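Me: I've got a model open and want to talk it through. Can you take my questions as they come?

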Amino acid sequence: MIVRLNRILFSTSVLLLLTYAAMAQTFPGYNNSNHAGIYGVLSNPASAAGYRYKWDVNIVGVDVNAGNTYASIPKSVLFSMPDTLRRNRDYFLDEGANRKQNGWGMAEVMLPSVLYAIDEKQSVSFVWRMRSSGNAGNVTTPIANFFGVDYPNTGYRNVNLSIPQTGVSAHIWHELGLSYARVLKETYTGRWKAGVTLKLLSGVAAGYASAKDVAFRLNNNQDATISSGTLRYGYNKELDHWESPAQSNLKLFENAGVGADIGVIYEYRPDNGGFGSYENTDADDYKFRIGVSITDIGKIKYTKGSINTDLSLVKDHIVPKDIEYRKNESLQQYARRLNKYFTPLPGDSTFNMTLPTALNLMGDYNIDGRFFVSTQVVIALTAGQTDISKTYALTQLNITPRYETQIFGAYLPMSINHNGQADIGAAFRVGPLLLGSSTLFTNLFERRIDHAAAFVALRLNSSMFQRGDSKGGKGQLGCPVNY
């Protein structure tokens with residue numbers, strides 16, 4: 001069931017990328033820029049208050065981030081995929097690692113969205129996104145080797161193995177958000193801004209599986225014993241009737257839910273730039289700014305597939321190959337086989353898929369109005385094991401030096417995530433086009449890769465349609481100068 005569900009969700013995410021080929025993203029480092037516009041709203045809705053232009057419109061865009069800690073592939077495989085993948089040729093496993101193994105994947109398509117500055121203090125935004133998120137892991141390397149290396153791995157024969165808790169979850173949903181941001185207070189040297197986004201969520205596909213307190217032993221490659229453990233799983237009922245082509249399943253206003261983002265930003269302005277008479281006159285006049293936000297608060301309720309049930313895994317004389325997913329098997333067929341093989345337990349008929357809630361801490365230092373250095377910390381707030389029906393953010397630290405003018409920006413993001421993977425990337429903004437990767441240089445100089453990220457965006461703002469220089473009188477907001 002898990003393999004089948006992952007394939008459905010992954011193929012749908014890939015379909016989204018192919019369907020919307022001119023794309024966009026909320027890139028760490030870029031989203032803290034004062035040129036980020038509608039993309040800044042995604043990580044902190046307060047960023048829209050006092051925005052430098054009258055309006056900012058996203059046309060369409062995509063952000064993709066995926067990886068794991070256990071398997072890596074040569075870059076040549078990406079360009080010439082063999083029909084059959086062979087271990088130690090087409091992929092390599094970290095069989096000797098002394099750590100928990102994890103995997104993740106996130107993708108989003110940002111559809112037409114707009115930010116509008118009501119006046120020098122207030123802004124509203126509308127954001128439409130199609131998002132997917134998946135996580136798996138929290139398994140020790142021996143357990144990963146047992147299942148990943150010639151399953152069942154007879155190197156572990158007559159060895160008592162255990163799984164305290166492991167799980168996999170995946171989610172695809174629509175998100176329609178309405179934001180309001182406002183300058184709350186101005187002093188002689190500072191400015192406080194706050195913002196909130198309320199979201200209407202619409203679930204497309206979701207599923208989870210969690211194994212807990214499992215103890216088992218492989219007697220030989222045809223016989224195993226599970227002495228304790230439970231499997232809790234569920235997926236939404238729509239997956240039992242998944243239609244082809246896949247895009248016909250991407251329906252709005254089904255499996256409704258609500259969500260929210262909230263944020264606050266403080267800007268230190270020792271020169272008291274104040275609001276200028278025209279667009280762009282004081283957007284860079286802070287010396288530094290700091291911000292905090294909580295994003296993706298919320299969840300979506302789903303009805304489970306008709307035969308979903310929790311299972312007691314306790315059983316003697318298990319044939320390991322009997323519980324493998326079979327090629328071309330549907331989710332319902334696989335779930336039915338597992339239900340007959342193990343002992344069903346009572347369970348709920350619905351589940352709530354929690355969004356990947358995160359705490360975002362931001363700092364941005366203005367060196368000379370063109371060169372900046374930003375720092376962002378993303379802390380996953382739903383990554384614990386108490387709630388198994390959830391996906392969660394990737395906790396990470398990002399530091400990005402950048403150079404920016406009205407029509408050009410260059411970004412050098414440097415990041416490290418909670419798995420210890422460090423990356424250096426690059427991104428560029430030229431007029432309406434933004435593209436880059438937070439793992440670009442890391443991937444270029446590695447022989448084999450185990451994670452990667454990329455984004456591209458196409459967006460417009462009012463400065464692209466005004467005549468004269470960016471400091472001139474075109475595109476006037478009519479905001480009074482602060483004295």
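What follows is a short chat about this structure.

Me: Ground rules before we start?

Reply: This is a predicted model, so to speak of local features a pLDDT of at least 70 is needed, side-chain atom pairs count only at pLDDT 80 or more, and totals for chains, interfaces and linings use all residues. Residues are numbered from 1 along each chain as its sequence is written, and side-chain values use heavy atoms, with hydrogens and water left out.

Me: Which residues of helix α4 are buried?

Reply: T141, I143, A144, N145 and F146, in a helix that covers residues 141-148. Buried is under 20% relative accessible area, exposed is over 50%, and partly exposed lies in between (1.4 Å probe, protein chains only). Helices (H or I, at least four residues) and strands (E, at least two) are DSSP runs, numbered from the N terminus.

Me: What do those buried residues pack against?

Reply: Four strands: β4 (100-117), β5 (122-140), β6 (160-186) and β7 (190-220). Contact here is heavy atoms within 4.5 Å.

Me: And what follows α4?

Reply: D150, with a positive phi near 50 degrees.

Me: Let's stay with β6 and β7. How many bridges pair them?

Reply: 25, in the antiparallel sense. Two strands count as paired if DSSP finds at least two bridges between them. T166 stands opposite A211 in β7. A hairpin of 3 residues joins β6 to β7.

Me: Which other strands does β7 pair with?

Reply: β9 (residues 256-268) is one, antiparallel over 13 bridges. There, W192 faces Y266 in β9. β8 (residues 223-235) is another, antiparallel over 11 bridges. N220 has D223 of β8 as its bridge partner. A hairpin through 2 residues links β7 to β8.

Me: What about the open sheet with β2 in it? What's the strand order?

Reply: β3-β2-β23, three strands with antiparallel pairing. β3 (92-93) and β23 (448-449) are at the edges with a single partner strand each, so one side of each has no neighbour in the sheet. β2 (residues 71-74) and β3 share 2 bridges. S72 pairs with F92 in β3.

Me: Switching to charges. How many salt bridges are there in the whole structure?

Reply: A search finds 24. The criterion is a side-chain nitrogen of Lys or Arg within 4 Å of a carboxyl oxygen of Asp or Glu.

Me: What does D364 pair with?

Reply: R289, with the closest N and O atoms 3.4 Å apart. D364 sits in strand β15 (residues 358-366) and R289 in strand β10 (residues 288-303), so the pair ties together parts 75 residues apart in sequence.

Me: Is that pair buried or exposed?

Reply: Buried, both D364 and R289.

Me: And K321 with E324, how far from N to O?

Reply: 3.7 Å, in a salt bridge. K321 is partly exposed at 42% relative accessible area. E324 is partly exposed too, at 31%.

Me: Which residue does R370 meet?

Reply: D368, in a salt bridge at 3.4 Å, N to O. R370 is partly exposed at 41% relative accessibility, and D368 has a relative accessible area of 41%, also partly exposed.

Me: Which residues do shared partners join into one network?

Reply: E186, R191, K193, E267, R269, R289, D364, R402, E404 and R429.

Me: Pockets now. How much space is in the second largest pocket?

Reply: About 360 Å³. A pocket is an open set of points on a 1 Å grid over the protein atoms alone, where a 1.4 Å probe fits, with protein on both sides within 12 Å along at least five of seven lines; lining residues have an atom within 4 Å of a point. The volume is the space filled by probe spheres set on the points, with grid points joined across faces, edges and corners.

Me: Last one. Where is S330 found?

Reply: In the loop between β12 (315-318) and α5 (331-341). S330 is partly exposed, with 24% relative accessible area.
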